[in-house]
Amino acid sequence: MAEFIGFSISHPKSYKEDLVPQAIDVGSILGGRYKVTGRILASAEDDIILDGLDQVLNRPVSILVSAVENSGNLTQSAREVATGERMSAVSILDLGTQDGSTYLIASRTSPADLLDLVVPTELADEDVYREPFFTDTLGTEIFGSARDDAPKGGPYVYEDNTPLTPAHQYPAVLPMPATPPPAALPAATAAHAATPAAAVVPPKDAAPKVTLWSEDDYGFINDDHNAATSQGRKGGTFPAEVLAASGDFDPAEDFDEDDENAPRTGGRWLTGIIVAVLVVGALVFAVSHIGSLINGGNLAGDTSPATQSQSQTTAGAETSSVPPVAPVVPPVVVGTTDVTTYVAGAARYGDQFIPRLKDATDGNKGTYWPTVEFSNDSFAGVTDSIDLAIELQAEATIDSVTINQIGGSGGQFNVLTNSAPSLDGATKIGSGSFSAPDFTLKAAPGVKAKYVIISFTQLPKLQPFVTYPYGMKIAEISIN
C-alpha cells in the first residue's frame, strides 16, 4: 500500500487477501443481486464484515461471511432471529452459501451486532434453571406447616379425607327416596294433619273484612251500563241524565255553527295566487331570454366587415401583449470531465480514476466513481476542491440535480451551471452536504445550461474505509 501526503493509492493486489479464507471479495455478486462494495473488518476467527449494495432495490446492505467452523452457528442464529426465538438488532434480509462460504445479508448494521450472530446461544445444563417440584402445589406453608422437601407418594386425599386417586371412579350417586303421596299416609296421620287447616276457617257469622258497595253508590253509571247491556247502546250516545242536566244541547248543531274554531281557507287562496303569479313571471322571463339569445345569434352571424376588422385588431393586440413561452429542452448527458485544479507541484494521483468517470453518469447505481482516501476533509492540501463538469447534448432546462453516493456522510459541495467546462464564469444554483445515500437539489425555474459542474469543496467521511477515512464514492449523478 503506497502512501502519498495524507492520502492512499489502492495497490493492484486486493486488501488483506492473506486474511480472507473465502473467495468472496470486492466486486463479487452474492445471490445474484448483492454486490460487495467494500470490506469493513475481519475478526480473530476469520469472520468477515463486508459492505454491499442490493442491486435490485438499490439500497446499501451489510454482509457477514462466517468462518468455516462458524457456519453452523450463523445458520442457527439466523433461523432463531427470523422465528423470534432470539432477540437481535439485526434485520436479516437473506442467507445463503457461495464458494463453500456461508453469508448473511442484513440492513445496515454495526459490526458488533453482526458478529454476535456467530456465537451460539445454547446453554449448559448446569446453567438452566429447574423449577422445584413443590412450586406446583404452593400453599401448605400458609396454613402453618412447612413445605415438603420431596414429593410424597400414596393416593391423593380430597378435602373430605377420601383416599381416592383421580384415576379411580367416583362412587355411584344414589337417588333420594321419593316423598310418599298424601294418600299413602295412615288415616290417623291424615286426620291429624287436616286439623290445623280446619282450625283457621273463620266462623260463618264473622264480619267480612271488605264492605261491598250497593247498587245506589254507582249512580247513573250502573243504570247506563245496564241499559247499554240490555239495549245495545251505540258508542257516542250520551245518557239521558247527562243530556237533561246540560239542558237543550244539540251536539251536531253546535259543532256545525262553531265559526270561531272552523278552519280558515282564505290564507290558502292567497298562497295559491302568489305561487301562480311567480310561475307566470318565470315563464315570461324564460321566453324573453331565449328569444334574445336567438336574435343575438342571428346578429352575430350577420356581422359587418367593420365589426370583424375591429375584433381582429383587438385579438391581435391581446396576442402581442402575451410574451412567448420558451420551449423546454430536456437535459441529455453526453459525458463527464475532471476539471480539478491542483496546487503547483502536487502529483495528480486522482488521474488514475479518470477512466471510471463514466460510471458516475452511466445510469447504473451498481457502479461508482471513487477518489483516493485522504487523511483529512481538506484534500490533504493538494487542491481546494474536486470538480466534475457534466456536459449536456445541448443547452437544456435544469429542473433538479440528484447525487447518489456510497458510504459517505458530511462534506460540502456546490452545484453550478456554465456554458463551458470551467468554474470561471459559472453560476451557482445551490449547495448541499451528504446526510443520506441520495441528495436532490431543486433548481429555480428557468435555469438553463450546457454544462452542470459539481464542485466538492469538503470531503465526506467514509464508512468503511481502507487506510484514511475521507473520500468519495459517487454512484450516479442524474440531471432532470
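**Reading salt bridges and a core**

Author: Start with one side chain. Arg33 is partly exposed, with a relative accessible area of 23%. Keep in mind that this is a predicted model.

Reader: With which residue does Arg33 form a salt bridge?

Author: The partner is Asp54, and the closest N and O atoms are 2.8 Å apart. Arg33 sits in the loop between β3 and β4, whereas Asp54 belongs to strand β5, so the pair ties together parts that are 21 residues apart in sequence.

Reader: Is Asp54 buried or exposed?

Author: Asp54 counts as buried, at 0% relative accessibility. Asp54 also meets the side chain of Arg59 in a salt bridge of 3.7 Å, N to O. Arg59 is partly exposed at 32%.

Reader: What about nonpolar residues?

Author: In soluble globular proteins, nonpolar side chains tend to be buried together. Here the largest nonpolar core has 34 residues; among those that touch the most other members are Trp369, Val452 and Phe456.

Reader: Which strand supplies the largest share of this core?

Author: β12 does, with 5 residues. Val452 has contacts that include Leu388, Ile398 and Val415.

Reader: Where does Ser455 lie?

Author: Ser455 lies in strand β17. Its relative accessible area is 6%, so Ser455 is buried. A polar contact of 2.7 Å joins its side chain to that of Asp387.

Definitions and conventions. Residues are numbered from 1 along each chain as its sequence is written. This is a predicted model: local features need pLDDT of at least 70, side-chain atom pairs count only at pLDDT 80 or more; totals for chains, interfaces and linings use all residues. Side-chain values use heavy atoms; hydrogens and water are left out. A nonpolar core is a set of buried Ala, Val, Leu, Ile, Met, Phe, Trp, Tyr and Cys residues joined through side-chain atoms within 4.5 Å. Buried means under 20% relative accessible area, exposed over 50%, partly exposed in between (1.4 Å probe, protein chains only). Helices (H or I, at least four residues) and strands (E, at least two) are DSSP runs, numbered from the N terminus. Contact means heavy atoms within 4.5 Å. A polar contact is a pair of N or O atoms within 3.5 Å; within protein, one must be able to donate a hydrogen and the other to accept it, and residues adjacent in sequence count only if both atoms are side-chain atoms. A salt bridge is a side-chain nitrogen of Lys or Arg within 4 Å of a carboxyl oxygen of Asp or Glu. Lists of a residue's contacts leave out its neighbours within four places in sequence.
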